[in-house]
Amino acid sequence: MNRCVVGLQWGDEGKGKIVDILAEDSDIVVRYNGGANAGHTVVVGNDSFALHLLPSGAIRPGTACVIANAVVVDPETLLEEIEELDRRGIGLNGRLFISENAHLVLDYHKKEDRLREESLGKKKIGTTIRGIGPCCADKAGRSYAVRMGDLRDLAGLQDKLRTVVEYKNRIFAALYNAEPMDASVIFEKCKSYAEKLLPFTLDTTAYLHGALADGKAILFEGAQGTLLDIDHGTFPFVTSSNASSLGMPSGSGVPAKMVDEFIGVAKAYTTRVGAGPFPTELDNEIGQFIRDKGYEYGTTTGRPRRCGWFDAVVVAYSVAVGGIDSVALLHLDTLSGLDELKICIGYEIDGEKTAFFPANISKLAKAKCIYETLPGWKEDITQAGDFGRLPVNAQNYVALVEKSIKAPVKMIGVGPKRRQTIFRNVHSR
Ligand code: GDP
Ligand code: IMO
Ligand code: MG
């Protein structure tokens, strides 16, 4: 059985937790998009792991981990992660495979990301400054891109870096009046990346097709979320990859038809970090209540996340665009204690009602939310082991979510730990 887990909102939905749970009966976990902008938290007992580039299956010692072709790899972050897991007794030798076609995020990408954001002032995207945009731009531009496989030809790479860094330095000086970078320093770092990372590097497309032929169970792990997808999200306030499930085939070299179930992850409310439209945002004490109770601070940057009501228009869109079969609804416990809850079931734009999300920010800017209001619940639900033990108001809340997103909710999160997950055997609609 092959499955794909993908975010249905603006990231941080809890994909890491769901991937870690599903990894138990998967042979291989594959990251297929994004880079170290991702921050996936996995809580195991009293231990917590924050993963940025390693697939969340890395925590389980028997699981193979693939970083596929469309991931943009920051070798420094990856090595830190490998070393950190090693210190904690989790080895990756022989079970981590990095695509030779994955692009490298190097120091000049991170510098360019920071300088551009600073220069944009109020118009900035609010990126994670992990060099994602500049690296993906170099990938699309082709001539100045560096891939994992280039680490095999150090003489060729040295030559290329001289040209690329000279080009970048001209941009830094002309546009930002910034200090130049030294190509030889970047090259020396690359030599050490080559030594440490080439043993993990191979043709992951061939590896995955071999695994499919052997009947292995593969779990694909999306980073970010559908609304951050460069083609289908709230452009330009998006990331630079296909962060919806549509990125999975091109990002891994495995066709979507090989996947038996696309599982979308959503929070029982909405969060977003960085700039951009957010129709259900609660810039008030309820938003602060959610932020405090759900500990809504970024795993990668520590930034406070913007919080708001559950937007069913957003999630229904992600379900439709992504071909989502079932949904994991997390952080239901975070909503305990609120008197009443709202779910946005439609927008009114220029006097017209719509339930289909307009991925066009000028239209979205005019959207007024149409809400359904439900009574809340006061009980602590963090120990509720099955759906029937949830307060009736919580059950009704989940039922309205399902109805308005047109997908069955098969998993419900009532806390960060593995066992704080309710599994439901509901049928697809
Ligand atoms: P990801 O980027 O989608 O993997 O999500 P993050 O790890 O960035 O953020 C999700 C946060 O919520 C993490 O700190 C998780 O440990 C936590 N979490 C996941 N599911 C639940 C849940 O059902 N309830 C609570 N309270 N926390 C959860
Ligand atoms: P996970 O995988 C939440 C957001 C940034 C910014 C925009 C562009 O943990 O869900 P970038 O650095 O990618 O150029 O930033 O995208 N962003 C995320 N938000 N979760 C993430 O990943 C994100 N990765 C990028 O905050 O708004
Ligand atoms: Mg995250």
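Colleague: How far is the side chain of R303 from an oxygen atom of ligand 2?
Modeller: An N or O atom in the R303 side chain is 2.9 Å from an oxygen atom of ligand 2. That is a polar contact, a pair of N or O atoms within 3.5 Å; within protein, one atom must be able to donate a hydrogen and the other to accept it, and residues adjacent in sequence count only if both atoms are side-chain atoms.

Colleague: Before I go on, what kind of model is this?
Modeller: It is a predicted model, in which local features need pLDDT of at least 70 and side-chain atom pairs count only at pLDDT 80 or more, while totals for chains, interfaces and linings use all residues; side-chain values use heavy atoms, with hydrogens and water left out. Residues are numbered from 1 along each chain as its sequence is written, and chains are lettered from A and ligands numbered from 1 in the order in which they are written.

Colleague: Back to ligand 2. What do H40 and Q224 do there?
Modeller: H40 has a polar side-chain atom 2.7 Å from an oxygen atom of ligand 2. With Q224 it is a backbone N or O atom, 2.8 Å from an oxygen atom of ligand 2. The protein buries 98% of the 540 Å² that ligand 2 exposes when taken alone (Shrake-Rupley areas, 1.4 Å probe).

Colleague: How many residues surround ligand 2, and which are closest?
Modeller: There are 20 around ligand 2, the closest being D12, K15, H40, T128 and T239. A residue counts if one of its heavy atoms lies within 4 Å. By class, 7 are nonpolar, 10 polar and 3 charged. Asp, Glu, Lys and Arg count as charged, and Gly is among the polar ones.

Colleague: And ligand 1, which residues come nearest to it?
Modeller: G14, K15, T41, H331 and D333, out of 20 around ligand 1. The shell of ligand 1 divides into 4 nonpolar, 10 polar and 6 charged residues.

Colleague: Which polar atoms does ligand 1 meet at D12, G413 and V414?
Modeller: At D12, a side-chain N or O atom is 3.0 Å from an oxygen atom of ligand 1. G413 has a polar backbone atom 3.3 Å from an oxygen atom of ligand 1, and for a polar backbone atom of V414 the distance is 3.5 Å. Ligand 1 taken alone exposes 580 Å², and the protein buries 92% of that.

Colleague: Which elements give two or more residues to the shell around ligand 1?
Modeller: α1 (15–22) and β3 (40–44). Elements are DSSP runs numbered from the N terminus, helices (H or I) of at least four residues and strands (E) of at least two.

Colleague: Where is D12, and what is its phi?
Modeller: D12 lies in the loop between β1 and α1. Its phi is near 60 degrees, a positive value in a residue other than glycine. Most residues other than glycine have a negative phi, and most peptide bonds are trans.

Colleague: What about H331?
Modeller: H331 has a positive phi of about 60 degrees, although it is not a glycine. H331 is in the loop between β15 (326–330) and β16 (340–349).

Colleague: Where is the cis peptide bond?
Modeller: It joins F235 and P236, with omega about 5 degrees. P236 is in the loop between β10 (218–221) and α8 (247–252).
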